[in-house]
Amino acid sequence: MEIGAYSFGDTPLNPDGSPRSTAEGIRNLFDAIVAADRAGLDYFGVGEHHTVSMPASSPGALIAAAAAATDRIILGSAASIISTDDPVRVFQQLATADAISGGGRVEITAGRGSSVETFPLFGYDLRDYDTLYAEKLELLMRINGSPTAEVTWSGSVRPAIDNLAVVPRPVNGRLPIWLATGGNAASSARAGRLGLPVSYGIIGGEPHRFAPLAELYRRSAAQAGHTGENIKVSVATLGLVAPTKKEALERFHPGWHNLNVEMGRLRGWPAPDRRQFEAQAQAPGAYYVGDPDDVAERIAHLHGHLGHMRHFLQSDVGGLPHEHLLESIELLATEVKPRVARLLAAK
Amino acid sequence: MVSTIGILGAGRVGSAIARTALTAGYTVHIAGSGPAADIQLIVDIVTPGAVAMTAADAVATADLVILAVPLHKYRSVDPATLAGKIVIDTMNYWQPIDGDLHEFTGDARSSSEVVGDYFPGARLVKTLNHIGYHDLEADARPAGDPERHGLALAGDPETAAVVAEVINRFGFDPVYAGSLAAGAAFEPGSPIFGGRHTARELLIELGPAVAEAA
């Protein structure tokens, strides 16, 4: 099982709670990716968000920089909001990062995004939400799957491309493209039908309840004739590892609280509730916040339901102190990963 | 007496409601936006026991219809089919998801009253909107359980009484808030929306007029 981390960027906070610079958030994220590579983490996913508190708006740029500064870690967008971006540009940026990485370490995860802030930012109409996503995903796959540099495509959401080169080409021919979903059944069926690996973002509830979706994904893939190693599942959740469970809870809670206050203001939720936090941070909840034993056991347990091959955690939300992120990454790589491997081998 | 529930929307909300309704012993007919075959595999795996149908068939065969589409797509439902039907409106206006929809931002009424204008003759009840789809299945409890949560309802009293029994069988205490206009008290931004309350706590949040009538 691959173990990883992901981030939307986390703008640090001053002691009075006011935000420091968004540039500092980006620099911290870059440093965290380099540290993850040194520690032996398998995967790091980046962005895309466009808010002051979460400033990782440009996964391609960050991943290109990280590709130059790392040796082993797999780097991916998590996710690229392709509905409101140009798939040609997304592909070119990540293929450039792939070239810099030496090849085979860069992936694209395509998603719609859980909020719609990119629609006004880039001048798209929310009424085209479904068409934009479907057509742009198809274009991205067309570019990536092209046996030559020249690509031909036509659709309704973007000018047609008539036998034009889209370069650079990935070192290994193609980039892995994942489809990200938060649990909509139709998205799982779509990923299976298209033969894409699926990445579940599970931000609440009980993660093992995604088991029918993973089954739907695999059956949809089989029905469409897709088999082999591209049919696989990854899982992204909130979480933080610390030497003890108590420390992990104390470290993660303030940022979680800040995040939920901000989300609540936007979405009309009530003030976040500490009891709800505590419940979600225990099995069968969705927050993988704990000591290495606790987090490893819960990842291995979820594997029994979903059969996922990669589990990655978002820790830096709401102004998490940077040193806590770095320690969590270190523990994920050196303590959680071997424990998960042992637990799965013993099954 | 409701025995067959038709659900419009096979997304996260519609699927969670379908499983809850199946557990409660109802016959469940569920529809997406297209032909039944489009959602057949989804229904077989994600809501086993439910029957995939077109929207028109799901409505025609149901004693009670549940609207579980994103609010910005509510006009995709044919209003003629809902005339005379008991309909639960689970939808909310959520700017971060729906974008700026002037018909809701420019109207002070509850979103269900705006939706109701588009469905003349439908017997609309607003409920199931202030609980997250994650929580619907996890929080269902048998009647009398001290931890049982309450769910608020707004609509005409006679129709709301029919829906209240469904909510009860789903595993929640129904709390009648008043006419459709009263539904504003449990929309996004209210203390009730997204919170967890027992029936008694809901009554307190809804205010003295509702508590007295209860």
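Predicted model: local features only at pLDDT ≥ 70, side-chain atom pairs only at ≥ 80, totals over all residues.
## Chain A overall

Chain A holds 11 helices and 12 strands. Its C-alpha atoms fill a box of roughly 60 × 50 × 40 Å along the principal axes. The radius of gyration of chain A is 19 Å. For 347 residues, a compact globule would have a value near 20 Å, so chain A agrees with that expectation.

Burial in chain A reaches 50% of the 347 residues. Contacts also span the sequence. Take the contacts in chain A between residues at least 6 apart: 73% of them join residues at least 24 apart.

## Strand β12 of chain A

Strand β12(A) covers residues 310–314. It is mostly covered, with 5 of its 5 residues buried. A:Arg310, A:Phe312 and A:Gln314 point one way from β12(A). A:His311 and A:Leu313 point the other way. All are buried, on either side of the strand.

Two strands are described here as partners of β12(A). One is β1(A), residues 2–7, which pairs with β12(A) in the parallel sense over 4 bridges. Within this pairing, A:Ala5 stands opposite A:Leu313. The other is β10(A), residues 233–241, which also runs parallel to β12(A) and is joined to it by 5 bridges. Here A:Ala236 stands opposite A:Phe312. A:Leu313 and A:Phe312 point opposite ways from β12(A), and both are buried.

## Chain B overall

Chain B has 11 helices and 8 strands. Its radius of gyration is 16 Å, close to the 17 Å that the globule rule gives for 214 residues. Chain B is therefore as compact as a globular protein of that length. The C-alpha atoms of chain B fill a box of roughly 50 × 40 × 30 Å along the principal axes.

Buried residues account for 50% of the 214 residues in chain B. Among its contacts between residues at least 6 apart in sequence, 62% join residues at least 24 apart.

## Strand β1 of chain B

Strand β1(B), residues 4–8, is mostly covered: 4 of its 5 residues are buried. It pairs with β2(B), residues 27–31, in the parallel sense over 5 bridges. B:Ile5 has B:Val28 as its bridge partner in β2(B). Between these strands the chain passes through helix α1(B), residues 12–23. This β-α-β crossover is right-handed.

β1(B) also pairs with β4(B), residues 64–67. These two strands run parallel and are joined by 4 bridges. In this pairing, B:Leu8 stands opposite B:Leu67.

## Where the chains meet

Notes. Residues numbered from 1 in each chain as written. Chains lettered and ligands numbered in written order. Buried ≥ 20, exposed ≤ 12 C-beta atoms within 10 Å, placed from the backbone. Pairing = 2+ DSSP bridges. Right-handed = clockwise from strand over helix to strand, strands pointing away. Rg over C-alpha atoms; globule rule 2.2 N^0.38 Å. Contact = placed C-beta atoms within 7 Å.
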